[in-house]
Amino acid sequence: MADIRASVLIPVKNGGAFLGDVLQAVLAQQAPWPFEVIVVDSGSSDGSVELARGYGVRVEVIPPAEFGHGRTRNLLASMASGEFLVFITQDARPAGPHWLAHMVQGCDSEPGVAGAFGPHRAHPEARHVTHCELNQHFAGFGDKLSVVRLEDRTRFAEDPGYRQWLHFFSSNNACIRRSVWEKLPLPDVAFAEDQTWALRAIEAGYAKAFVPDAVVYHSHDFGVWETLQRNFDEARSFNLYFGYRIQASSMRALRSAVHLAKRDLAWLREGGLSGWRLFKNAGYMACIELARVVGQYLGTRHDRLPAWLLGSVSRDEKLQRAGTA
């Protein structure tokens, strides 16, 4: 049997029925070389282990307390045989049969590429605004295979937007060259292990590839409270690991909420909503955007918050405590 070229690595905890869709789409990949699929489950109680084993993939189980976003992915990588380590999540379904081949091709497009990532598209049933937001975000990386590296250190030091564009990376849909991972494993951080790794890779002189044809369906329509929690986690991690202050003042946060609510209103109009439906959906999205910036504001000021508030506002910590992360 030829050497395995790629290993698809999936951390799982209570993946539900959608995990079956993801595994089915992964196993249906058409690639000109062999690949393997490995799952590490950290304490599912919904039959995810049995479901994954039913698809014939390798499944290893760890205690919930041993889970960590970077730690568990490093464990998966240590079990893999492939030259390319392809990371997806239990709720990220490849959009077509050539997703894996495109991803590996992008990661292997130049010897200096440490990792590659592909776009997320919203699930068909997702909110219209979610579709628009994901499309807009990933359009910023272009519509052709691209390779970027740190070429302007002065701009990198002074321009947060440039820095964020260079280190954006998503382990929901990404590939890391094994030889690089052996020197630069994913960091054991509470959140944003993917972007923290990418920042270190870029600073170390490696390049990063964007592969627009390696698409997965992955989106969340969070409610108001979940949106606040999610953005708290992200803003806190960005402050801790990157030094960013996403919402440094309450006035700036309020202006951001108004801007985002107007943007959503325009998207809803473009989507054909009018009258009462437009009023109702725009009002709800205004609440979502307010929750987003409040979460970012609290996350930016995490070091000033009381312990009881920190423990309740972090969605990631809550999920890990409940065993669903």
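Mentor: One term to start: helices and strands here are DSSP runs, numbered from the N terminus. Also keep in mind that this is a predicted model.
Trainee: Okay, so where does Ser170 lie?
Mentor: Ser170 sits in the loop between helix 7 (160–167) and strand 9 (173–177).
Trainee: Is Ser170 buried or exposed?
Mentor: Buried. Its relative accessible area is 4%, and buried means under 20%.
Trainee: Which residues is Ser170 in contact with, leaving aside its neighbours within four places in sequence?
Mentor: Phe117, His120 and Asp194. With His120 there's also a polar contact of 3.1 Å that joins the two side chains.
Trainee: Nice. Let's zoom out. How many helices and strands does the protein have?
Mentor: There are 14 helices and eleven strands. The radius of gyration is 20 Å, close to the 20 Å that the globule rule gives for 325 residues, so the protein is as compact as a globular protein of that length.
Trainee: And what box do the C-alpha atoms fill?
Mentor: Roughly 60 × 50 × 45 Å, along the principal axes.
Trainee: How much of the protein counts as buried?
Mentor: 51% of the 325 residues. As for the accessible surface, that comes to about 14800 Å², and 54% of it belongs to carbon and sulfur atoms.
Trainee: What about charges, how far apart are the mean positions of the positive and negative ones?
Mentor: They're 6 Å apart, with 35 positive and 35 negative charges in the protein.

Technical notes. Residues numbered from 1 in each chain as written. Predicted model: local features only at pLDDT ≥ 70, side-chain atom pairs only at ≥ 80, totals over all residues. Heavy atoms only, no water. Helix = DSSP H or I, 4+ residues; strand = E, 2+ residues; numbered from the N terminus. Rg over C-alpha atoms; globule rule 2.2 N^0.38 Å. Buried < 20%, exposed > 50% of the residue type's maximum accessible area, 1.4 Å probe, protein only. Areas by Shrake-Rupley, 256 points an atom, 1.4 Å probe, with all protein chains shown as cover. Lys, Arg positive; Asp, Glu negative; His and termini not counted. Charge placed at Lys NZ, Arg CZ, Asp CG, Glu CD. Polar contact = N/O pair within 3.5 Å; in protein donor to acceptor, adjacent residues only side chain to side chain. Contact = heavy atoms within 4.5 Å.
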